[in-house]
Every structure is written in structure tokens, then in C-alpha cells.
Amino acid sequence: MAYDEGLAQRIRDLLQDNRNVEEKKMFGGLCFMISGHMAFGIIKNELMARVGPEQYEMSLSRAHAKEMDFTGKALKGMIYVAPEGLTTDQDLKSWMDVCLTFISSLPPKN
């Protein structure tokens, strides 16, 4: 599996106080599950962010964000963020916060 281990460690560091985190190798990369829901992940050196349908267009308007077209078709509510959009921990945290807000709106997984 080829994914940016440095980015993975930065995510782990920012999630260190969250007890409901699980890592899974998926999509040829690494995904972070929060309370059973996929929140974000890393594909090669890009952040895969589950921003949800309500924040989708706003998220795409941010610098270094693009549609997630993993299947050849854009997945609404999912985006990629290029490494240039993740240069500081604050940049990364701002993306993670959007994802965590969306995940917290979902019903609990069994």
C-alpha cells in the first residue's frame, strides 16, 4: 500500500484524544474510521475527505480541493485535497474538522 505515512502520523497526532478511531486499509490507501464511519483517509499523498453533501460545493471552492472520482464518476460528499492544501497542521485540522462535523451528524453504527 502506497500512502503518505507522514500525513498518516499527522492525522494520528491530531486524533490522539479521540478514542473512537480505527484505521483500515481501503481504496489502496489508509482510511480513518470514527465511531464506525469513514471520515477521511489518504490515497497516495492526498487527503480523501468525507465532507458530506451540504459542505461539498463549499469544500470544492477551497484551494487545492477537487472532486473525488475514484470510480470514474464524482462521489458527492467526498473530495481529494492535494498536499499543497495540507502544508500546516492548521490546514489539515480545518479539513478534518469539516469531516468530523459531518460524521457527528450521522446515526450511530451498530
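Analyst: Two residues are in contact here when heavy atoms of theirs lie within 4.5 Å. The model is a predicted one, in which local features need pLDDT of at least 70 and side-chain atom pairs count only at pLDDT 80 or more, while totals for chains, interfaces and linings use all residues. Residues are numbered from 1 along each chain as its sequence is written, and side-chain values use heavy atoms, leaving out hydrogens and water.

User: Which residues does Ile-79 touch, not counting residues up to four places away in sequence?

Analyst: Ile-79 touches Leu-47, Met-48, Ala-49, Val-51, Tyr-56, Ser-59, Leu-60, Ala-65, Lys-66, Met-68 and Trp-95.

User: Why are Phe-32 and Phe-40 called a tilted aromatic pair?

Analyst: Rings of Phe, Tyr and Trp (its six-membered ring) pair if their centres lie within 6.5 Å, with planes under 30 degrees apart counted as stacked, over 60 as edge-to-face and the rest as tilted. The centres of Phe-32 and Phe-40 are 6.0 Å apart and their planes make 45°, so the pair is tilted. The search of the whole structure finds one aromatic pair.

User: What makes Arg-62 count as lying over the face of Trp-95?

Analyst: A charge sits over a ring if NZ of Lys or CZ of Arg is within 6 Å of the ring centre and within 35 degrees of the ring normal. Arg-62 is placed over the face of Trp-95, at 3.7 Å from the ring centre.
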